[in-house]
Amino acid sequence: MPIDIKILQEKFEKENFIDTSKPVWNYSILTEEDINNFQNGFNYTLYEKFGSKSIQVNGVQGMYFCVWAPSAKFVFVTGNFNDWNKLSHPLTPRWDNSGIWEGFIPDIRHGELYKYHIVGPNNRIADKGDPFANFWELKPLTASITWDLEYEWSDTEWMQKRAEHNALDAPWSVYEVHLASWKRPDANDEHKYLSYDEIRESLVPYVKEMGFTHVEFMPVAEHPFDGSWGYQITGYFAPTSRFGDPQGFMRLVDAFHQEGIGVILDWVPSHFPYDSHGLFMFDGNHTYEYADMRKGFHPDWNSYIFNYKRGEVKSFLISNARFWFDLFHIDGIRVDAVSSMLKLNYSRKEGEWEPNEHGGDGNLEAIEFIKNLNEMVYRDFPGVQTIAEEATDWPGVSKPTFTGGLGFGMKWMMGWMHDSLDYFKLDPVHRPYHQNQFTFSMMYYYDENFMLPISHDEVVHGKSPLLFKMPGDLWQKFANLRLFFTYMWTHPGGKLLFMGSEFGQTSEWNYKSELDWHLLQYDSHKGARHSLKILNQLLKEEPALYTRQFDIGGFEWTDLNHRNEGVMVYKRKAEKDDDDVLIILNATPEVRHDWVIETYGKKYTRELFNSDLKEFDGTGNVYNKDIRCELLDDVTKKYRITINLPPLAGLILK
């Protein structure tokens, strides 16, 4: 336990009479500064004192409880320890009108089930889980569990060097994972899960073998409904108990770090569900959500929106982000649904929203919250990243707050995703007429630090898996998939790919089952996966593919003048010219022998990658053992390259 809490205990015990005759002893470990910062929205370490904390008082071991319920008339702790008696253990409201209830209950131990029994305005009664609980019962049960988060980490080397791995000029190849459906003990039983340790044994070596630099987990915080995929949370300070206890999740993160792989969490500060044991109407009033449902209710998700104007809610949310960085050593958060937070009129018709004080549609307090969040993260945890899932043209999402930006490190490039998938869905005969759709991304690319996402959202709800978005017969589908991988991995920016896409999953993602692992018995699926493995390897080996990924000098169109043939050529450029690479994409099934490309700056004499190789289950018939490269002008360093282009394939030359 931190020294400062022990000091606070000693101070409280010297200055206050503790009535040990009652079932709940009067006790506090909060300071006046804690309360002021909490109310003003700047207490970012609430998890150190709120919730249930195992401490000793007068030599007696027990549990200190602290909960914010400003509209409550009474708050009781009920659990196994008192046979779920709802009225026997009342907490005491603080004298400072902070709305905080607290007290010490002796002899409660680690692993105790409990809830708060709250009597609110008009005698509304609710039994609530602890908003700061670190462990919960396995759903459908809903009690909180007293727990500690002690753990001895073994990732010192990673933590010391992670700033290099997580920098904006480092390679970013992110594997997005839904832990429940990665693998299951029984693919046909949605109610059975692997443990965190079982996931660790299979997932960590797989991600390492594939060469991904990071893994991103869809939300792991406790949530009641599997079908929400984790995006409707009730336990913000607890890894879900579906897979075991919090230390199990710590071991999973630790194992990734020991293999040199970063861990990103999907984080959801935008909304929460109305489950009776959760945050909604927590103390019988609108505690965490806006009271005005024009701001407080989310029509798309039938959920409730955090009241970012309330300092206590802001402290709660930023403390929560800090909690995962501080105690779980994560390397980044991907912040969900940022657009819905920024816009008062998000998914609302005229008359269903009220403009801000300046007459605009921006949620001013949400904007301030986001800026404060990012400032805290980069101040307290240098060497990590925050990533925005934001789909509008809001300016400066990934620009520093001191220049007027929101302060994120990166932003998902949703426009690239839509345009690229629309282009690749086309029959190759039509692609020449849509080349602008392919090239448009570079018109606005440098507005933000972009990550290219092919996420879970693109392979559900009738959208089909990535393989079946591709046109043509089965051979062409796989050739197009490998071509798409080549394009994505050589386009500037970070990369994110949802699990299963790497081997050509043939069914839409189903959270109730597991990935189609049986497909890897077929050469076409193994070949697609192997091609991506090699691209991940090249991404890390070739400085041109990452060191200037957010620099306008790191990309150059070389040849866009063969629209009718569907051939596009561009360079990725490094700090040293010798490290530059040339990418050639043939988006049609036509084989093109002796294709001529003119380029400047350096010779290209080696084929680094060819997505049509036999080892990828391509034809293997069209390759470039020797590349003919002629110097045309010694002054301008103009070269003519003569090369063979395989069908529906991408080449990387050096």
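1. Threonine 92 stands opposite glutamate 102 in E5. The two strands concerned, E4 and strand E5 (residues 100-106), pair in the antiparallel sense over two bridges; strands count as paired if DSSP finds at least two bridges between them. Helices (H or I, at least four residues) and strands (E, at least two) are DSSP runs numbered from the N terminus.

2. On provenance: this is a predicted model, in which local features need pLDDT of at least 70 and side-chain atom pairs count only at pLDDT 80 or more, while totals for chains, interfaces and linings use all residues. Residues are numbered from 1 along each chain as its sequence is written, and side-chain values use heavy atoms, with hydrogens and water left out.

3. E4 and E5 belong to an open sheet of four strands with antiparallel pairing, in the order E1-E2-E5-E4. Strand E1 (51-57) and strand E4 (92-93) are at the edges with a single partner strand each, so one side of each has no neighbour in the sheet.

4. Helix H2 (residues 32-40) has Asp34, Ile35 and Phe38 as its buried residues, where buried means under 20% relative accessible area, exposed over 50% and partly exposed in between (1.4 Å probe, protein chains only). Viewed down the axis of H2, these buried residues fall within an arc of 95°, so they line one face of the helix; the arc is that of the directions from the helix axis to the C-beta atoms. They pack against strand E2 (60-68), E5 and helix H8 (311-328), with contact meaning heavy atoms within 4.5 Å. The face of H2 turned away from the buried side carries the exposed residues Glu32, Glu33 and Asn40. Just after H2, glycine 41 takes a positive phi of about 85°.

5. Glutamate 48 is in the loop between H2 and E1. Its relative accessibility is 30%, which makes glutamate 48 partly exposed. Apart from neighbours within four places in sequence, glutamate 48 is in contact with Ile5 and Lys53.

6. Arginine 322 is found in helix H8. Is arginine 322 buried or exposed? Arginine 322 is buried, with a relative accessible area of 16%. Leaving aside neighbours within four places in sequence, the contacts of arginine 322 are Tyr44, Thr45, Tyr47, Met376, Asp380 and Phe381.

7. Strand E3 (residues 74-79) has five of its six residues buried, so the strand is largely enclosed by the rest of the structure. E3 pairs with strand E6 (residues 113-119) in the antiparallel sense over six bridges. Threonine 78 has lysine 115 in E6 as its bridge partner.

8. In strand E13 (residues 262-267), six of the six residues are buried, so E13 is largely enclosed by the rest of the structure. Both faces are covered, with Gly262, Ile264 and Asp266 buried on one side and Val263, Leu265 and Trp267 on the other. Strand E10 (residues 214-217) pairs with E13 in the parallel sense over four bridges, and phenylalanine 217 has leucine 265 as its bridge partner in E13. E13 also runs parallel to strand E16 (residues 332-335), joined by four bridges; here isoleucine 264 stands opposite glycine 332.

9. A further open sheet has five strands in the order E21-E22-E23-E28-E25, with antiparallel pairing. Its edge strands are strand E21 (555-562) and strand E25 (607-610), each pairing on one side only. The twist averages 15° from one strand to the next. E25 and strand E28 (residues 649-653) pair in the antiparallel sense over three bridges, and asparagine 610 stands opposite leucine 651 in E28.

10. Helix H15 (residues 523-541) lies across E25 and E28, running at about 145° to E25. Axes are lines fitted to C-alpha atoms, for helices over the stretch in contact, and angles run from 0 to 180 degrees between N-to-C directions.

11. Helix H5 (residues 196-210) packs with H15 at an angle of about 70°, with the axes 8 Å apart. H5 and H15 are therefore roughly perpendicular to each other; angles under 35 degrees count as roughly parallel, over 145 as roughly antiparallel, 65 to 115 as roughly perpendicular and the rest as oblique. The contact is made by Tyr206, Glu209 and Met210 of H5 and by Arg529, Leu532, Lys533 and Asn536 of H15. These contact residues divide into three nonpolar, one polar and three charged. Ala, Val, Leu, Ile, Met, Phe, Trp, Tyr, Cys and Pro count as nonpolar, Asp, Glu, Lys and Arg as charged, and the others, Gly among them, as polar.
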